[in-house]
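Welcome, and thanks for taking a look at this one. Here is a short briefing to read beside the sequence and the model.

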Amino acid sequence: MSSLPAQIPGRRRGARASGAFRGLPVQGQQLALVLMIALLAAGFTSRAPEFLSLDSIENLLRSASMFGIVGLGMTVVIISCGSLGGIDLSVGSMMALGGAIGAGLLGTAFTAANPVRLPAVLTVLIALLVTALLGAASGLLISRLKLAPFAVTLGMMSVARGLAYLMVAFAIGSSNTAGVTFSDPLFDWFGLTNIGPVPAVTVLFLVLAVLIAFMLKATPFGRGLFVLGGNAENARLAGINVRRTIVIVFAISGLLAGLGGLILTGRLSSASPLAANGYELEVIMVAVIGGTSLSGGRGSILGTVLAAILVSEIDTGLDMMNVPSFNQYLIKGTILVVAVVMDKVYQARSNRKLVQTA
Amino acid sequence: MSSTAQMGSPVDADAPKKGRWARPNIRAENVASGVVLLGLVIVLSGVSPAFLSFSNFLDIARVVAITGVIAAGMTLVIITGGIDLSVGSTVGLVGAVTASLVAGSASNSSFVTDFKLPVPLAVLVGLAVGGAIGFVNGLIITKTHIEPFMATLGTMIFVRGLVYLFTGGYPIHFDPMPHDFAFIGQGALFGIPTPVWLFAIVVAALWWASRRMSVGRTIYAIGGNPEAARLSGLKVDRTKILVYTLLGLLAGLAGIILTSRLASADTVNGVGYELIAISGVVIGGTSLVGGRGSVIGSLIGVFTVGVIQNALNLFGASTPIQYVVTGLVLLLAISLDGIARLRRRT
């Protein structure tokens with residue numbers, strides 16, 4: 001009781017409030033997301049009927065799966081390290097690097113040099129391993145030297161982008177930015193294959209989402225992430241290995257970013273060192289619109305999945321209506337601010353409820 | 001990390017002392033970033049004699065001045081515990097608005113009309129636009145309590161949209177550029193380029209304000225512990241709005257210098273500047289948690305970035321190498337800073 005007043009101004013109580021709702025399948029905020037997705041779909045369809053065509057929906061799902069998979073990693077990072085200003089700015093570059101390694105080491109790449117020729121399964125594994133290790137390196141710096149994740153991942157963003165350039169230059173034997181083009185069945189699976197009516201990557205996305213949601217809610221490690229995000233000191237006192245946890249979390253983010261990069265490469269059938277430039281902001285947007293609090297300790301995987309669909313829907317719909325890119329900027333900026341304000345209102349309300357029940 | 005840091009230093013252990021003179025801000029962290037810069041300079045001048053010349057130094061300073069002006073203002077924002085991602089977009093918008101008002105500018109955009117102002121007035125309007133964007137940032141952050149990262153991410157995207165809207169996607173050119181306007185980015189006074197003068201004035205003024213004026217102490221106090229600052233009767237919201245407005249204004253100044261220097265205002269001017277400025281501030285030892293750091297540190301930080309870029313250009317390093325080296329130096333500098341801090345705490 002004595003510690004309660006000190007906590008109410010902060011957002012830590014909100015974290016636990018969502019715990020009270022955890023039994024329900026859908027929270028108010030997620031209902032709002034579903035509603036927005038439906039409203040926008042109706043709006044876009046009325047202006048451009050082809051929005052509801054199979055092609056367009058497939059396209060939307062592929063893009064949502066790519067942003068969503070990277071967004072899952074970002075959600076985990078922000079939930080667990082939010083109180084440290086936790087964020088991963090390197091995901092865009094990691095995507096480029098993952099794609100560059102996956103395609104660059106491939107035996108079927110149509111390139112001049114092509115010094116290494118490996119089967120696709122191996123290149124994909126190497127790509128995921130490298131991005132996970134780089135993520136773990138960020139995590140090590142953050143946890144051992146107590147550095148700000150913002151600064152560390154900013155440095156890593158530059159390093160990974162440079163490595164993506166080097167990888168592509170190595171594969172094609174010259175340092176231009178043309179990129180590696182190739183044809184490979186495994187990458188086709190990432191970029192083209194459908195399972196029934198649904199793109200294969202969407203199935204992959206949903207499986208990963210369920211796995212990570214399970215990890216967050218049902219394993220001691222996952223529940224520890226919420227504690228850590230609320231307050232690092234509490235987590236340490238509760239016996240959580242803070243250092244190891246931070247390393248694992250950033251490794252997960254790196255791994256999922258690498259996977260997102262492989263999907264992007266599969267869709268384009270080419271890996272460019274310039275790929276996914278600025279995607280980190282898009283991915284952060286997905287996590288935050290999904291209800292993950294930037295101050296840590298609160299967030300949901302279902303929210304991230306819905307937000308990935310919403311953001312991709314906005315992209316696809318605006319493109320289809322031929323809205324010029326500068327208006328798209330204005331619309332996206334506005335939506336982001338509205339989402340964050342909604343989050344604030346929601347938090348204020350859950351804090352008030354707690355005060356009343358206390 | 002934030003909680004333990006605050007436990008160690010009740011309010012603001014690093015805030016300037018009230019002495020007759022502001023104490024020179026020499027601390028372990030500043031030494032770390034200074035050592036990185038000094039080491040770089042020694043190694044580079046050993047490797048390449050072309051590096052250690054006055055004209056090369058002026059080149060570095062001229063390049064650094066534009067992002068340095070932003071970094072100086074960003075330092076104060078970060079010391080209050082905030083961040084501003086919108087500065088790059090402000091650079092673009094202010095550059096475009098100012099250019100459109102300066103005589104001799106022309107573009108296919110419908111906003112670039114025959115309405116022109118004398119150069120000083122056009123510059124003032126530009127700075128006002130920058131200040132207004134910063135003011136709105138400060139207002140959103142203090143009144144709605146949205147995290148500065150998200151609020152300014154929103155304004156960053158929004159203002160970049162305004163740049164596209166204003167320019168219609170066309171660059172604004174000059175034919176010819178008035179001499180007064182060219183002086184801002186391309187001129188020189190006593191052999192030193194104008195941007196370097198402006199940069200020096202900005203750094204000196206902000207250093208003075210942060211170390212010697214009460215508003216400076218308020219800024220450090222807010223970053224150290226906002227609640228304690230508020231309870232001590234400090235005007236937390238007003239000070240925050242002030243530092244964001246100031247940063248918007250300085251980003252506007254950077255936009256004007258850039259436009260004059262490039263002799264065109266393009267829609268992509270200033271993209272990514274926020275990250276360059278933040279890197280400089282962080283390398284200079286300012287903590288992103290707030291309450292710790294200095295404008296002089298940021299000066300060292302932006303010069304470190306500038307020296308690396310310059311050296312990589314001198315040696316003809318390729319783009320990938322530039323990316324990797326810049327990133328590694330950033331990681332090295334903040335790691336040294338981190339180690340220095342851990343040592344001090346134990």
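Predicted model: local features only at pLDDT ≥ 70, side-chain atom pairs only at ≥ 80, totals over all residues.

## A residue in helix 13 of chain A

Setting aside neighbours up to four places away in sequence, M285(A) makes contact with V311(A) and L336(A).

**M285(A) and its helix**

- M285(A) belongs to helix 13 of chain A.
- Is M285(A) buried or exposed? M285(A) is buried, because 26 other C-beta atoms lie within 10 Å, where 20 or more are needed to count as buried.
- Between M285(A) and A48(A) there are 26 Å from C-alpha to C-alpha, and the two are 237 residues apart in sequence.
- Helix 13 of chain A is mostly covered, with 10 of its 11 residues buried.
- Among the buried residues of helix 13 of chain A are Y279(A), V283(A), I284(A), V286(A) and I289(A), and the list also includes E280(A) and E282(A).
- After helix 13 of chain A comes G291(A), which has a positive phi, near 100 degrees.

**The two chains**

- Chain A holds 15 helices and four strands, while chain B holds 14 helices and five strands.
- In chain A, 55% of the 358 residues are buried.
- For chain B, 55% of the 346 residues count as buried.
- Taking contacts in chain A with a separation of 6 or more, 80% join residues 24 or more positions apart.
- In chain B, 81% of the contacts with a separation of 6 or more are between residues 24 or more positions apart.

**Where the chains touch**

- The contact draws 43 residues from chain A and 40 residues from chain B.
- On the side of chain A that touches chain B, the elements giving two or more residues are helix 7 (149-172), helix 11 (232-237), helix 13 (279-289) and helix 15 (325-357) of chain A.
- Which element gives the most to the side of chain A that touches chain B? Helix 7 of chain A does, with 14 residues.
- Sorted by class, the side of chain A that touches chain B has 26 nonpolar, 12 polar and five charged residues.

**The largest nonpolar core**

- This core has 219 residues, and V69(B) and L250(B) are the ones that touch the most other members.
- Helix 7 of chain A supplies the largest share of this core, 17 residues.
- Not counting residues up to four places away in sequence, L250(B) touches V69(B), I70(B), A72(B), G73(B) and V202(B).
- As background, nonpolar side chains tend to be buried together in soluble globular proteins.

**A sheet in chain B**

- Chain B has an open sheet of three strands, in the order 1-2-5, with antiparallel pairing.
- Why is one side of strand 1 and of strand 5 of chain B left without a neighbour in the sheet? Strand 1 (105-106) and strand 5 (264-265) of chain B stand at the edges and have a single partner strand each, so one side of each has no neighbour there.
- Two bridges join strand 1 of chain B to strand 2 (residues 172-174) of chain B, in the antiparallel sense.
- S105(B) has F174(B), in strand 2 of chain B, as its bridge partner.
- In general, the strands of a sheet pair through backbone hydrogen bonds, either parallel or antiparallel.

Methods. Residues numbered from 1 in each chain as written. Chains lettered and ligands numbered in written order. Contact = placed C-beta atoms within 7 Å. Nonpolar A, V, L, I, M, F, W, Y, C, P; charged D, E, K, R; others polar. Pairing = 2+ DSSP bridges. Core = buried A, V, L, I, M, F, W, Y, C linked by C-beta atoms within 7 Å. Buried ≥ 20, exposed ≤ 12 C-beta atoms within 10 Å, placed from the backbone.
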